[in-house]
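Visitor: I would like to learn how to read the features of a model like this one. Could you take me through it step by step?

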Amino acid sequence: MNQAVIQLMVSGALMGLVYALVAYGFQLTYATSKSINFGQGELVMLSAFFSLTLTNLGLPYYLMIPGGLLFGVVAGLFVERAGVRLALEQKSEGWILMTIILGLFGVSAAENIWGRDDRPFPTPIPTEPMQFFDISITPLEISVAIGVVMIMVIIELFKRKTLLGKAFEAVSADRDAAELMGISATRTIMLSYGLSGLVAALAGILVSPITTVGPTMASALVLKAFSVAVVAGLESGFGVVIVGLFLGSLESLTSFYVGSGWREAPGLVLLILALAVRPTGIFGKAVIRKV
Amino acid sequence: MRRAILTTLLAGLFATQAYAADSIKIAITGPFSGGSAPMGSSMRDGAKIAIAEINAAGGIKVGAKMLKFEVLERDDEAKNERGALIAQELASMNDLSGVIGTVNTGVCLAGDKHLQEKGITKIITPAAGSASMTQWSKAKVKDLSIFRLAAHDGIQAAMVVSEAINRKYTKVAMLYDSTNYGVSGRDDMAEQIKKQGNILQVVTTDKFNIGDKDMTAQLLRAKNGGAQAVLIWGIGPELAAVANGMAKIGLKVPLIGGWTLSMSNFIDNSAKNGNGTLMPQTFIEEPITPKAKNFISAYHKAYNVKRIPSPVSAAQGYDAVFIFAAAVKQAQSIDTKKIKLALEDLKEPVQGVITTWKKPFSTWDPANEESHEAFRRDQVVMGMVQDGHVVFGNDADRKRLISNATSVKGKK
Amino acid sequence: MLKRLILIRGIEGLMVLLLAAIPLLVNNSFVLGLLTLLAIYGILLIGLDITVGYLGLVNLAQAAFLGLGAYAAGLTVTIFGFGMLSALAVSTVIGLVMGTLIAFPSLRLDGPQFALATLSFSALSATVLNEWESLTLGAQGLQLHRPLLFGISLDAKGFYWLCLFFLGIVWIAMHNLLSSQWGRAFEALRDSPIATDAMGIGTYRHKVTAFALGSGLGGLAGGLYAFNFEYLQPHVFIYELMVILLLGVVLGGRKSLWGSFVGAVLIVLLPNLLSNRILFQFFSSTGFLFTLGAGGMALYQKKNRLFQAVAPMIAMGLLVVGSFTVQNTEDWRKAIFALMLFSVVVGLPEGLMGFTSRFLSRIFSIEAEPFAPLSGLEQVLVRKPVDGSPLLQIQELKCYFGGIKAVDGVSLTVASGTIHGLIGPNGSGKSTLVNLVSGLYVPTDGTILFHGKPLVQGSLFAVARQGICRTFQNLQLFSELTALDNVMVSMKGFYSTPLPLVLLGLAKRAEKRAEADSLALLEMVGLSGEARTAAKDLPYGAQRFLEIARAVARRPTLIILDEPAAGLAQPDVVTLLGIIRRIHQQGITVIMIEHHMEVVSGLCDIVTVLDGGKVIAEGVPDEIRRNPLVIEAYLGKGSEPPAATAECRLSPMPVPA
C-alpha cells in the first residue's frame, strides 16, 4: 500500500511540475504588467502543434525544439501587441477579455489547420517504464521534470544576473520609478510576454509526448496552472514549484482514496480558503496599504 | 441596435422559408467543433458522400420530378442548450424532410422532444447512449418519429461482457468517463454482468474526467484488485491516457470497451499500448466488400485523409442517408410524416456500406425500443486494435459480414 | 423632465410590448425558443452586471449559480412536487444563500484572485452536481417536467410570457436599486474601497449584498432555465458558458440594464447568424464598412490611437474575406466570434450599448432631470456646540512596521472646536498617525480615546461611523461617479430604507432630500456648477475640494485633512482656507496635516510637530515657527532632508486677506 502512495505522489508531482511551468508563464507577465494571458493554454497548444509540424517536415527533435520555442516567443509577442498593450495603456482590465478572445481564435485556427483530433507527438526519449524500488517512472517523465526545473532556473538566473533581467526586476518592483531611470516599461513588458511565450512553448514540447497534442489539450491544464500561480502568489517562482508539486500529489491521492470524480475538490476548497486567509498568495508579499 | 436585431430575426425567418420546394431538405446535426468533433464531422462527411452520390445520379424520383438532396448543417457543439435550440429551429421549418445526426446522448435528450412534437423524422447516429431511445418507451409515446442507426449501448455492453466471459476472466475493473455516455455505459455493463450470471467480479468501479491525463490512481486500484481485464466506457482521448497509463504501471491486461475505442484519437495516441484492445464495431475500415471499398476511397479522396477519423460514424452517416433516401422513394413524398411511415415499413432492401439493410425499422412499439433501432446483435462485430488499425477480432465475423453483404439476407 | 421620463420609460415599455407581441405575430417555435432564452439570459446577465459592471470584479461564478438554481428548481419539482413559483423561489434563495457564502471568503480579493476564487467555486459546484448521483443523477442528467403555475399548465408561449414578466420585474427592481444609494455605493466600492470604508459607507455589506443579489438573479434564471429545457446536466454550467456570459456583458455594455439585454441578444443570436451564409456576409460587410468609417474618422480627428482604429478594420476585413471564401463557416465558428468580439472590444470599449447611448444622446439631446432645490447649509450642517474639552486623546501610540518605528510613543490631545495642525518633515510619522486614528492601520501599542471612550481600532468603517472622517493625501475620489454622487454616496442619515423597499422603488423621497443637501455642500465648496461632472474629469483643485465636501457629508465631529493644500495653485489655496473656516464655523473639529505654513498659520489654533515618530513640539503657530527644535528638524544639520525644499515649505507665502 505504501508503494501505491509513493507511486501516486510521483505521478501526481509530475503533473504538478507541468502546472508549475505553465503557472510560471503567468507569473512572468504578471510581474511586469499586472496582467496575465488567459490564452496561455492556447499558446501551449499552438506551439505544440507547430513543433509537431516541424517534426513532420523532417526536422530532427533537437533542431525542432528551438524552432518551437521561437514560435512561442513570436506568439507571446503577438498576444502582447494585439491583446494587452492597449488595455494596459487605458489602465483597464480589458486584457482579461482580449486574451480570452485571442485564445478562442487560436483554438479555431488550430482546429482548422491541424484538425480536431488529438495526435501523438513523437519523441526520441524512451517511454519504457523503469523501476526504482517498485516505482514505475519513464525516462520521458524524468526529462519533463528536468526540463521544467532547468528552464525556470535559467530564467531566474537571467533575471538576476543580466542587465536586461535587472530591468525586468525593476519594472516589477516599481514601474514608475523604473521609467524615471530610463527603463522602457513597454519593452520590458514585451520581453516578459516573449519569455512567457517561450515557457508556454517549452511546456507544449515537453508534455505533448505524454498528453498528446490536440486543440483542447491545455484547457484543463491551464485552469490548474492558474490556481497554482495565484495560490503561490503571483510573484514567487519558487512558490509555484512547491504549490504545483503539492497540488499534483494531492489530486492524485484524492482520486485514489476518495474517488476519481472528487479529484479536484480538495484542491479547490484549499484554494478558496488559502485565498481568503492570504489574498496575495502563500508565497506572495503582504501589501501595506498606503494612502 | 434594436432595429438590427429585428432585421436579424426577420431576415432569419424569411431565409428559412426561402428555399425552393423542389428539393429534399434534410438537416445534419452534430458537434463539428470541440471534443466530440471527430465523430460529428466524420458522420457529417460520410453522409455528405452519400448525398453527393445520390445527387450525382440525378436525385430521387418523386412523382414526375427528380429531386435532389439539399443539406442544412447545424453544429450543436455537443451542448444541450444548442441542441435544443437547433431542434426548435428545425421543428419550425415547414419543408424539412428529416434530420440525421447527433453524437451526444444529452443533446438527444434535450432536443429530440421538439422534433417529436412536430413529428419530424430523425435518424439518430452515432449517439449510442441507451437513454436517447428509452426516454420514449418510458414516456409510453404512442407514435414516434425518432429512429436510430447506431449499435446502442445495450448491445455493446452485452458484447463487452460476454467477450470477457468468453476469455475466461473472472476479475475485471470497470472504468468510465464522467460524461453521460460513460455513466450510462457503466450502468449497462453492470446490468449485463448481472444478466450474464454474475461470473465477473468487479474489483473496482472508477471514473475519470474529460481532460484527465494521469490515470495512475484508477489503474493502481485495478492492479491491486488483480483485474484481468479493464472494461472501459469513454468518449475521448482520455481512453488513450488509460492505455498508456496501464503500460506505465505494468498492468498488462486487455482493454475492452465501447466502439469509441476504434477512433483514431485512441489508436494513434496509445500506439503500441493500444494493441489488443477490443471493441464492438459496426464498420471496420477494411475494403472487404466493393461497396465498402468505394466508400472508403471516396472518403479518403473527398476529405484528403489517409484514414477516417471515426469510420463507424462515417459509415453510419452514409447508410443513414441511403436508408432515408429509400424511404423518400417509397413514400413518393418529401413530407416528413410520410417518410416516417415508409421508414417503419421499408419494402426494398437498402445496400449500405455496413450491411444490406432489410426492414431496419418497424412500427413503434413503446414496449420494445428495438422497433426503432436498426442494429441487432449480429450486425455488430468485435474489432481489435492492431498496429494502428482496427481489424476483425475474430475471423468468423468477417466472413459473416461478407456473406451478409453479398446474399441479401437481412436480419432475423 | 416629463419628456425625458416619457422617452426612456416609453422605449422600455414599447420594447416589452413588442417582445410580448412577437409570438402572437409569428407562429414559430424556434423564434419562441430564442426569445425565451433571451429573457432568461437577460435576467442572468443583469445579475452578472452587478458584480462585473458595478463592482468591477471579474466574476466567473455566475454559470455556477445558474446551475445551482436550475438543479434546485428541478429537484424540488421532481422530488417534492413543488409548483412553478415556489420552485423558482427556492432557486432564487439558493442563489442568494450560496452567493452570500462565497462572498465572504472572496471579500478581500480583487483582480485575478477574485476571478480564481469564483472560478474555483464554479468548478466545485459542477463537481458536486456531477458526483452526488443519488440526488442529482449526475452526468445522466435530470429530466423534469414544467410544473403548474397556479394550477395551469403553461405551453411554450405562456412560459415565454412568464419569463418576460420576470425580466420586467427584475429590470424595474434593479433600476430602483442601482439608481439608489446602493448603486452609488457599489460603484464607489469599485473606484476606491478604502474611501468607501473611510466615508462610513461600508465595503463589507455592499460587496456581500451585490454579490448575493447577482447570484440570486443567477439562481432565478437557473430555475427558468430548468423549466425551459426540462433537462439538466452538470457539465453545461462550466467555464465555457461563463466566458460567454462575461463576453455578453462586456459586449452589450457594462453598468447598464440595456447593455445586459443587448448582451443577452448577442449571446442568443450570434450562433444562429452563421447558419445563413448571406446574412453572415451582409453583417460582416456592414461591420467592416462601419469599422472603416468609424476608425477612419477617429484617426482623422486624432481621437484614437492607430491600433485602436486599425485593428478592428483588420479583424473585420479578415471576416469579410472569410465570409466569401471559406467553404464551411460552421468549422470556423469560434474564429468568427473571436474576430467580431475583438473588433468590438477594441473599437467600442464601452460596449455596444454604451456606444449607442452616446450616439443617441447626441442626436436627441434630452435635457437632464432638474435638481431638487438646494437646502440651506445651516440646515445641512447643523452647528455643533463646542466646549474646548478634549475630543480626541492619543496616549503613547506606537506603530512599528518590522524594524521601522513609524510612530513611536505619540501622545497628543485635540480639543473640541479647534483646528489642530500636524506638521513635520517627510517620514516623521504624520500620515501613519492619521492612518492609525482613522483605522487604516492597527497600532502596535497605545490607546486612542474619542469623547473620552476608547476608539475602535483597525477599521476605517467603524471609525467613520463614530464621527471621524478624513480626506486623503493621494486623492481617493470615486472617480467614475459625478461630483454630486460623490457627496450623495457619503451622506449620512437618509438611507435607512430597507433593501426590499428600495427594490420596490420606495426610496425616492429620501433620495431627493439627500440630493438637496448634497447640492448645498457642493455649493459650499464652489462646485454646484459641476454637479454632473464625473469626478475624474474635474480639475485637480476641484477634486481636492470635492473630497472635503464628501467627508463633510458624513457630518463628522472630527475631520482629518491630509495635506489638503498639496499641489494647489495659489487662488485655490485661498478658496481652501475659506472652505476650512466655513466647516470649522459649524463646530466641526479639524486635524490638518499640512506643509504650507501659510495655511497652518492662517488656520490652526494649535500645532503639533512630529519628527522621527515622536512629538517634538506643540504650541500656537507663531511659537512653533520660532522653535529651534522644529527648525532643526526641518533644516537639519547637513545630513537631513534637502534644505531647499524644507525651506521652501517653511517660507511664508503672502496670504491675501
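Guide: Let us begin with domains: their bounds come from an automatic or database domain assignment. For chain B, that assignment gives domain 1 (2–151 + 287–375) and domain 2 (154–281). Before going on, a word on the source: this is a predicted model, where local features need pLDDT of at least 70, side-chain atom pairs count only at pLDDT 80 or more, and totals for chains, interfaces and linings use all residues. Residues are numbered from 1 along each chain as its sequence is written, while chains are lettered from A and ligands numbered from 1 in the order in which they are written.

Visitor: How many residues does the contact take from domain 1 of chain B and from domain 2 of chain B?

Guide: Two residues are in contact if their C-beta atoms, placed from the backbone, lie within 7 Å. The centres of the two domains of chain B, taken over C-alpha atoms, are separated by 30 Å. Domain 1 of chain B brings 16 residues to the contact and domain 2 of chain B brings 17. On the domain 1 side, α4 (105–118) and α12 (311–331) of chain B are the elements giving two or more residues; helices here are DSSP runs of H or I with at least four residues, strands are runs of E with at least two, and both are numbered from the N terminus.

Visitor: What does the contact between chain A and chain C look like, by residue count?

Guide: It takes 35 residues from chain A and 40 residues from chain C. On the chain A side, α4(A) gives the most, with 12 residues. By class, that side has 27 nonpolar, five polar and three charged residues. Here Ala, Val, Leu, Ile, Met, Phe, Trp, Tyr, Cys and Pro count as nonpolar, Asp, Glu, Lys and Arg as charged, and the others, Gly among them, as polar.

Visitor: Is helix α2 of chain A largely enclosed or open, and why?

Guide: A residue is buried if 20 or more other C-beta atoms lie within 10 Å of its own, exposed if 12 or fewer, and partly exposed in between, with C-beta atoms placed from the backbone. In α2(A), 13 of the 17 residues are buried, so the helix is largely enclosed by the rest of the structure. Just after α2(A), A:G58 takes a positive phi of about 105°.

Visitor: And what of chain C: how many helices and strands are there?

Guide: Chain C has 28 helices and 12 strands. Of its 657 residues, 53% count as buried.
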